Amino acid sequence: MMKSLVSTGRKRKFAALPHKTLIIIAALFALGVIYGNLFVISDPLIIGILFLSGLFSMLFLVIGSRANAAERPTIIDWGLSALSLATGAFFLWNADVISSRITLLEELTPLQFFFGSSLLFLSLEATRRTTGAGLTVVVLGFMAYNLFGHLLPPPFGHGLIEYSYLLDALIFTTDGVFGVPIQVVASYVFLFVLFGTLLSFAGGGDFFFNLAAALTGKSPGGPAKVAVISSGMYGTISGSPVSDVVATGSITIPIMKRLGYSARFAGAVEVAASTGGSAMPPIMGSAAFILAEYTGFAYREVVYAAIIPAILYYLGVFSQVHLRAVKRDLRAYPDDIPTLKQTVINGWMFVVPVAVIVLVLSLGYSPTMTAGLGAASVVVAAACSPRTRMSLWRVVEGLGETTLRILPVAGACAAAGLVIGGLSMTGLGMKAANVIMAISGADPVITLMIAAVVTIILGLGMPTPSAYILAAVLVGPALAKLGYPLLQSHMFLLYYAILSALTPPIAVAALAAAAIAEEDPFKIAFDAVKLAAVGFLLPFVFIWNPAIIGEGSGLQVALALMGGVVAAISLAVAIEGYLNGKQNRIARCMFVGIAVACVAPFIYVAIPGIFFGGVLLVRNYNTSSNTSDKITESRKVPGA
């Protein structure tokens, strides 16, 4: 059942000539998106129409209707592709009429009704093929609520909504399928995915992996630490936990297993590290762009707010990996890894595009312009060395691959738009908020706990953007009723939407790792949750102490960073039960207390906590390091 909820259609692999033709068509589409975003100011409805119909026309040919679909597109696939183009042509031809009509007052014409219904069906089928039955069932459930909710008693009942009215709101406005999610994907997300794809095609992924190996590969648990660092760096350019697991885990997991690490631990490390990539600045994932657009904050504000939490998340994972490596004598990398000097000399040019992204974003340019300049800088920087220089065809492949990588994201965001459009007609978001407040008795802590659990449940088996959108619409109003600032509330929801990718029982990232590690996904997921413990607690921390997300004076933010560092390491010690030897229950509880004190918003509590915890950790570091020196590379031991 778990696999059926996330099972998607088969991604077809075409022969040489059809594949090249597809790449060229997809590359031309990408050039059109780039031109439209950077050089043309168009109506959002027109952009959405062109973007979605163009993607759908390729999606139904590239992704089959089932996991075991035929290698070649069927007649039905060709028919759906043609219908996508015809629908796009109709909407584009009638864009002026559609833009100027009065929604819900002017009746739909027969052609508008037909092509509107066609687009609704195409969106649902695209969602099913790209994300599985889980999200599709959720969308259908919300649509059923719109159509039949008038039969329910208060407080969930609403007025009668006819199908034609629902279709009008979902398709013929920018509040539905052409709403914020698709607008964001058609602009920021597409261009940042282009940046990541070109960087990967030029060899940036290998550089980040080699850099991580050079930095930590020779220390205890080196391969696991390499997985943590490389997955974090790769994750910030991929923005997808599953893609990150597949890309970096296919290298790190087999290496860890070969060196004696258990398949369960190897998979869990990769899952925990890859999941955090969606919250790692400067790019983060597509959900972060939707957050910025949905809340009205500038994207750079979201990035600034995410910096300290991302550092603490990875510090927590890294610390647990290190402590377990020392405790279990886990092996380091063999000698055949490049040195740091060699790595930097061979790949320094890949630092340039990331620096360009950070600089341009800091100067206040829009995310669209930032991503466009970042993508251009990849091509220029790669040309500095014959080893990384990309040919014209390689650039064309990068453009085409970007379009193909966007297909699943577009399906998920079209579905999210359908949900938002439907909810805006019924007011279900405020009704859900009232129910949450009634259950919690308006208690802030209980409300936050309910919000976290509901967000994770909504995200099970869902792409992160869809999980965040559902949470923002259904749970966000409850947090607003408590008076929490908008950015804090939505960062809270974003984190749990991201973490749902590793949370049992579905844990889509663990499913991807299980196939590589050849281990039970449940076991991998439960270990990953343990490694990501800091991430599950962070949202509560930055609600309690906003300085963690940069809200406050420079002194407050600096103190929050120092406290967060000590807290993350202390929590890792408490979870692993190890620091210069096994820790008893009293000592572990003491480290939990230190962690709480360090992140407290009260200076007279935080400073003593930081001082006492820091002294305790540093005092035990040398002895712990001496213990790690006893590890011999010839020893092959079972992993954690």
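I count a residue as buried when its relative accessible area is under 20%. With that in hand, I opened this predicted model and began with a cysteine.

**Entry: cysteines**

I looked up Cys413 and found a relative accessible area of 1%. That is under the 20% cut-off, so Cys413 goes down as buried. Next I turned to Cys589, which is exposed at 56% relative accessibility. How far is the sulfur of Cys589 from the closest cysteine sulfur? I get 16 Å, to the sulfur of Cys598. A disulfide needs the two sulfur atoms within 2.5 Å, so this pair is too far apart for a bond. My tally for the structure is 0 disulfides.

**Entry: helices α9 and α19**

A reminder to myself: two packed helices are described by the angle between their axes and the distance between the axes. I took α9, residues 180-202, and α19, residues 392-426. Their axes come within 8 Å and cross at roughly 150 degrees. Angles over 145 degrees count as roughly antiparallel, so I note α9 as roughly antiparallel to α19. I also checked the hand of this crossing, and it is right-handed. Which classes of residue make up the contact of α9 with α19? I list 18 nonpolar, 5 polar and 4 charged residues.

**Entry: helix α22**

Is α22 mostly covered or mostly open? I find this helix, residues 464-474, mostly covered, with 11 of its 11 residues buried. The buried residues include Thr464 and Ser466, along with Pro465, Tyr468, Ile469 and Val473.

Note on methods
Residues are numbered from 1 along each chain as its sequence is written. This is a predicted model: local features need pLDDT of at least 70, side-chain atom pairs count only at pLDDT 80 or more; totals for chains, interfaces and linings use all residues. Side-chain values use heavy atoms; hydrogens and water are left out. Axes are lines fitted to C-alpha atoms, for helices over the stretch in contact, and angles run from 0 to 180 degrees between N-to-C directions. Helices (H or I, at least four residues) and strands (E, at least two) are DSSP runs, numbered from the N terminus. Angles under 35 degrees count as roughly parallel, over 145 as roughly antiparallel, 65 to 115 as roughly perpendicular and the rest as oblique. A crossing is left-handed if the near helix is turned anticlockwise from the far one by less than a right angle, and right-handed if clockwise. Ala, Val, Leu, Ile, Met, Phe, Trp, Tyr, Cys and Pro count as nonpolar, Asp, Glu, Lys and Arg as charged, and the others, Gly among them, as polar. Buried means under 20% relative accessible area, exposed over 50%, partly exposed in between (1.4 Å probe, protein chains only).
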